[in-house]
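This briefing is meant for a reader meeting the structure for the first time.

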Amino acid sequence: MQSRRATYRSPWLPYLLLAPQLLITFVFFLWPAGQAVRQSFLREDPFGLSTRFVGLDNYTRLFHDPGYLNSFKVTLVFSVSVAALSIGLALLLAVSADRVIRGHRGYTTLLVWPYAVAPAVAGVLWWFMFNPTIGILPYLLGGLGYAWDDRLKPGDAMILVVLASAWKQISYNFLFFLAGLQAIPQSLREAAAIDGAGPVKRFVTIVFPLLSPTTFFLLVVNITYTMFETFAVIDATTGGGPAQATNILVYKVYQDGFIGLNLGSSAAQSVVLMGIVMVLTFIQFRFIERRVQY
Amino acid sequence: MVENRPVLTALAHAVLILGVLVVAFPVWLAFVASTHPSTTFLSGLVPLWPGDHWRETYGQMFGAGLSTSGAPPLGLMMGNSLIMALSIALGKIAISILSAFAIVFFRFPFRHLAFWLIFVTLMLPVEVRIVPTFKVVADLGMLNSYAGLAVPLIASATATFLFRQVFLTIPDELVEAARIDGAGPLKFFRDILLPLSRTNMAALFVILFIYGWNQYIWPLIVTTDESLYTVVMGIKRMVDVADAEPQWNYVMATATLAMLPPVLVVVAMQRLFVKGLIEQEK
């Protein structure tokens, strides 16, 4: 950790300054997390009268539960689709905005505002557009001969939540790509142009490789986003259905814990998710360290 | 632009215009839906052009709410969202700037431990520890209160790190000069650090206001009292009607107004917003 040369000394003031943050951290973060770990080794009887220690049994059951393994698969499909779709579209838009000189600030304004839309609201907007009876998209798809029904068809439900989540994330990725593009020295592109490289070749051999730190960073951030913040998108639209087709891991923790009241299993799922966040955070920070040195 | 290729530039404009339209389309439809009477949504296709029924829809939502699906008047929900967003944003900024001040400008035992404890909160998003956190809040008697809505969310590792970065760039000479002039730590904080971090605070405020306004799962589980509903979770209550289609015009009027404040903040303070967003990830 970096330190300063000139500092103040006081036996009590720094603790007082840190007290509010640490108090909240302890009461609402560390204590509940500890409780989740503790609970994950316990099992309650069906009436909630007694609990007993069961060791790793909650975890073994979890990883033998086809529902849970399915939820892993659903989460993977969902995260990768949202990340690929929103990163791809954002890159296309950012490259275009970087090319136009006149009006690129206006385009930026018109593209960034969805960041401010709540995930739950984004979900409801797309759910409305995809409403099987009155929605505009099923009407158009019907014209093509496809009977859309996100309430019955698992694939349709997945497409719905992917589109809603990706739509909201484009603006974030767009801003980071645009910042990355504008940081590429103009002289590099000019040198390549003089050497006879056309726009496509320049993009493939110069611009995209120089953007790779940004792309990697966005990949991690987008996966974190789809794993946790999209809870609201799922809850406001499909509710994990139909037939568990959109029941991502973070939604299952809530469903099993709050609705199913299977506390031991829900706690074990929480612990697994904490492990995943730790890995993602670790990757993100390793990467930022590298970027600083680079 | 390296060379003049009008076709490519035209293509870039076309991609951008298409992008803007696709991004705006869902919101346009929501607004249009809120201007038609409920009967429009019984069958057929949703309208694509605004109707003339908006006064009734918004009047109903602001005046009485939608009691059939348990949604209180819109003004009340927006007020609750505003209280929640402001308390979260200001609370996070206040406690984070204090902790960053302690960590950067003091030497004391357990300094590293404090830093790591704050860091750990990054790895514990509320969605992951939802059940035990709910229990803590319930045990403290904070369900159905503004404190219960805001306080558990105001610890912030990212804000603390941001202020720490800002403070680390302040030259040692400035601190020494302040000390020689007889400024104690609190005076130094008030007269030098606070003014120097004003822009960062404003940028952070934009991001955190949006974060607070858009909270969903937390208000959904800690409030059962309708007078404490926030607008984002209120939409969920309106959509969740058993065995019937939601009343789309009211739902979409609520959605339109739920989007309005944070979107206005982003558009009006675009520069600060971009600064806050990009700095937060450093």
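UniProt positions are given in the numbering used here, and annotations of this kind may be inferred rather than shown by experiment. With that in mind, the UniProt annotation "transmembrane region", from an unreviewed entry, covers residues 7-31, 82-106, 113-131, 143-163, 192-213 and 250-274 of chain B. The model itself is predicted, and the points below are grouped by topic.

**Annotated regions of chain A**

- For chain A, the unreviewed UniProt entry lists "transmembrane region" at residues 12-31, 74-95, 107-129, 157-181, 202-225 and 267-288.
- One of these spans, residues 12-31 of chain A, is 95% helix and 0% strand in the model, and its end C-alpha atoms lie 25 Å apart.
- Another, residues 157-181 of chain A, is 100% helix and 0% strand, with its end C-alpha atoms 35 Å apart.
- The unreviewed entry in UniProt also lists "domain: ABC transmembrane type-1" for residues 72-284 of chain A, and over that stretch the chain is 77% helix and 0% strand, while the end C-alpha atoms are 21 Å apart.

**Annotated spans of chain B**

- Among the spans listed for chain B, residues 7-31 are 100% helix and 0% strand, and their end C-alpha atoms are 35 Å apart.
- Residues 192-213 of chain B are 95% helix and 0% strand, and here the end C-alpha atoms are 31 Å apart.

**Helix packing within chain A**

- Helix H3 (residues 66-99) of chain A packs with helix H9 (residues 199-229) of chain A at an angle of about 140°, their axes being 9 Å apart, and that angle makes H3(A) oblique to H9(A).
- The crossing of H3(A) and H9(A) is right-handed, and by class their contact has 13 nonpolar, six polar and no charged residues.
- On the H3(A) side the contact residues include A:Phe78, A:Val82 and A:Ser86, and on the H9(A) side they include A:Leu211, A:Thr215 and A:Asn222.

**Helix packing within chain B**

- Helix H8 (residues 172-180) of chain B and helix H9 (residues 185-196) of chain B pack at an angle of about 150°, with 11 Å between their axes, and H8(B) and H9(B) are therefore roughly antiparallel to each other.
- The crossing of H8(B) and H9(B) is right-handed.
- In this contact, B:Leu174, B:Val175 and B:Ala178 of H8(B) meet B:Phe188, B:Ile192 and B:Leu196 of H9(B), and the residues divide into six nonpolar, no polar and no charged.

**Helix packing between the chains**

- Helix H5 (residues 119-129) of chain A and helix H13 (residues 248-268) of chain B have axes that come within 10 Å and cross at roughly 145°, and the crossing in which H5(A) passes H13(B) is left-handed.
- From H5(A), A:Val121, A:Val124, A:Leu125, A:Trp127 and A:Phe128 meet B:Trp248, B:Val251, B:Met252, B:Ala255, B:Ala258 and B:Met259 from H13(B), a contact with 11 nonpolar, no polar and no charged residues.

**Buried residues with contacts in the other chain**

- A:Val277 belongs to helix H12 (residues 263-293) of chain A and is buried, because its relative accessible area is 3%.
- Apart from residues up to four places away in sequence, A:Val277 touches A:Phe228 as well as B:Leu122, B:Met123, B:Pro125 and B:Val128.
- B:Ser156 is located in the loop between helix H6 (146-150) and helix H7 (157-168) of chain B, and at a relative accessible area of 2% this residue is buried.
- When neighbours within four places in sequence are left aside, B:Ser156 is in contact with A:Gln21 and with B:Lys92, B:Ser96 and B:Ile118.

**Exposed loop residues with positive phi**

- A:Ala243, in the loop between helix H10 (231-236) and helix H11 (249-259) of chain A, has a phi near 55°, a positive value in a residue other than glycine, and counts as exposed at 70% relative accessibility.
- B:Phe110, in the loop between helix H3 (74-105) and helix H4 (111-120) of chain B, has a positive phi of about 70° although it is not a glycine, and B:Phe110 is exposed, with a relative accessible area of 58%.

Terms used
Residues are numbered from 1 along each chain as its sequence is written. Chains are lettered from A and ligands numbered from 1 in the order in which they are written. This is a predicted model: local features need pLDDT of at least 70, side-chain atom pairs count only at pLDDT 80 or more; totals for chains, interfaces and linings use all residues. Side-chain values use heavy atoms; hydrogens and water are left out. Helices (H or I, at least four residues) and strands (E, at least two) are DSSP runs, numbered from the N terminus. Buried means under 20% relative accessible area, exposed over 50%, partly exposed in between (1.4 Å probe, protein chains only). Contact means heavy atoms within 4.5 Å. Axes are lines fitted to C-alpha atoms, for helices over the stretch in contact, and angles run from 0 to 180 degrees between N-to-C directions. Angles under 35 degrees count as roughly parallel, over 145 as roughly antiparallel, 65 to 115 as roughly perpendicular and the rest as oblique. A crossing is left-handed if the near helix is turned anticlockwise from the far one by less than a right angle, and right-handed if clockwise. Ala, Val, Leu, Ile, Met, Phe, Trp, Tyr, Cys and Pro count as nonpolar, Asp, Glu, Lys and Arg as charged, and the others, Gly among them, as polar.
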